[in-house]
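Let's take a walk through this structure together, one piece at a time. Keep the sequence and the 3D view open as you read.

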Amino acid sequence: MATYDSLGTAYARTRRPDPRIAARIHAALGDGITNVLNVGAGTGSYEPPQTVLAVEPSRVMLDQRPPGAAPGVRAVAEHLPLRDGAVDAAMALLTVHHWSDPAAGIRELRRVARRRVVVLTWDQDVFRERFWLVREYLPEAAAFDDTRAVPAGRLADLLGGARQETVPVPHDCADGFAAAYWRRPHAYLDPRVRAGISLFAQTGEDVIAPGLARLADDLTSGRWHTRHAGLLALDAADMGYRLVVAEL
Ligand SMILES: C[S@@+](CC[C@H](N)C(=O)[O-])C[C@H]1O[C@@H](n2cnc3c(N)ncnc32)[C@H](O)[C@@H]1O
């Protein structure tokens with residue numbers, strides 16, 4: 001069973017595309033692209049209208065794709081069911097860290113795309129340092145991410161060269177990924193929010209419970225707000241998210 005057949009049952013509830021991040025992804029895909037492949041597509045967030053196919057191993061995720069979305073096929077990045085050069089562009093968003101063999105998956109993206117590959121991922125060093133939740137409360141979750149994060153520089157090398165773009169996270173980000181609630185700390189105490197974030201589900205609720213209890217205390221006492229007053233004045237923050245864009 002694909003991991004997201006169990007993790008993804010409520011994904012669409014908290015993981016909706018954020019329009020500002022969508023604009024960045026669509027700009028990276030560029031003009032003149034007439035067909036796009038989405039790999040690790042999940043429920044279809046961020047797919048531009050030119051999307052012709054979504055590749056996704058989890059049936060549960062495919063079943064949450066909205067009506068009218070591009071067709072989805074059950075497959076993995078490491079073995080794409082497409083011929084060489086089948087699409088103008090391939091994108092893989094917040095998914096590479098789940099792949100069993102990222103090098104093979106990136107090789108496949110390069111094989112099937114003619115012009116461009118766009119990957120959204122995060123820089124684990126920046127994430128660890130800037131995202132107060134993992135730094136101060138959940139070091140176990142940070143350690144888990146150390147085991148699966150694929151460095152943007154490695155992705156760029158695998159892509160045969162790529163540029164990296166910082167993707168700031170808006171304070172009211174609509175897509176509930178790990179650091180999305182950096183200015184809304186109470187959200188992390190909500191099990192429905194955590195259910196949409198693999199970092200929590202895969203680290204384990206028992207392991208993160210003590211850190212979340214400390215966060216709850218600090219929110220009640222006002223300690224969190226005193227310590228993070230600087231964050232409350234920001235509209236967007238760099239939490240390490242990066243677009244890696246390769247021209248082929
Ligand atoms: C965090 S979700 C991201 C989904 C979507 N791209 C988005 O931005 O909302 C990660 C997705 O990667 C998929 N995935 C896991 N292993 C994969 C693999 N080997 N090849 C392709 N996708 C995979 C999961 O099933 C899941 O749907």
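Sort the shell around the ligand by class and you get twelve nonpolar, eight polar and three charged residues. That makes up a surrounding of 23 residues, and the closest are Tyr4, Gly40, Gly42, Thr95 and His98. Bear in mind that you're looking at a predicted model.

Now find helix 3, which runs over residues 19-29. Which of its residues are buried? They are Ile21, Ile25, Ala28 and Leu29. Look at the spacing of those numbers, and keep a handy rule in mind. An α-helix has 3.6 residues a turn, so residues three or four places apart point the same way. Looking down the axis of helix 3, you'd see its buried residues fall within an arc of 105°, so they line one face of the helix.

What covers the buried residues of helix 3? The cover includes several strands: strand 1 (36-39), strand 4 (87-93), strand 5 (113-122), strand 6 (163-166) and strand 9 (241-247). Just past the end of helix 3, have a look at glycine 30, whose phi is positive, at about 85°.

Next stop: strand 1, one of the strands covering helix 3's buried residues. Is it covered on one face or both? Both: Val36 and Asn38 are buried on one side, while Leu37 and Val39 are buried on the other. Strand 1 also has partners to pair with. It pairs with strand 2 (residues 51-55) in the parallel sense, over four bridges, and asparagine 38 has alanine 54 of strand 2 as its bridge partner.

In the loop between strand 1 and strand 2 sits tyrosine 46. Its phi is positive, at about 70°, although tyrosine 46 isn't a glycine. Why does tyrosine 46 count as buried? Because it has 23 C-beta neighbours inside 10 Å, and 20 or more is what it takes to be called buried. Leucine 94 lies in the loop between strand 4 and helix 5 (102-112). Leucine 94 also isn't a glycine, yet its phi is positive, near 50°. With 20 other C-beta atoms within 10 Å, leucine 94 is buried.

UniProt, in an unreviewed entry, places the feature "domain: Methyltransferase type" at residues 37-116. In the model, the end C-alpha atoms of residues 37-116 lie 11 Å apart, and the span is 19% helix and 26% strand.

Finally, jump ahead to helix 8, at residues 139-148. Ala141, Ala142, Phe144 and Asp145 are its buried residues. Seen down the axis of helix 8, these fall within an arc of 160°, so they line one face of the helix. On the other side of helix 8 you'll find Pro139, Asp146 and Thr147, which are exposed. And what lies over the buried residues of helix 8? Their cover includes other helices: helix 6 (124-130), helix 7 (132-137), helix 11 (198-203) and helix 12 (205-221).

Methods:
Residues are numbered from 1 along each chain as its sequence is written. This is a predicted model: local features need pLDDT of at least 70, side-chain atom pairs count only at pLDDT 80 or more; totals for chains, interfaces and linings use all residues. A residue is near a molecule or strand if its C-beta atom, placed from the backbone, lies within 6 Å of it. Ala, Val, Leu, Ile, Met, Phe, Trp, Tyr, Cys and Pro count as nonpolar, Asp, Glu, Lys and Arg as charged, and the others, Gly among them, as polar. A residue is buried if 20 or more other C-beta atoms lie within 10 Å of its own, exposed if 12 or fewer, and partly exposed in between; C-beta atoms are placed from the backbone. Helices (H or I, at least four residues) and strands (E, at least two) are DSSP runs, numbered from the N terminus. The arc is that of the directions from the helix axis to the C-beta atoms. Two residues are in contact if their C-beta atoms, placed from the backbone, lie within 7 Å. Two strands pair if DSSP finds at least two bridges between them. UniProt positions are given in the numbering used here, feature names are shortened, and annotations may be inferred rather than shown by experiment.
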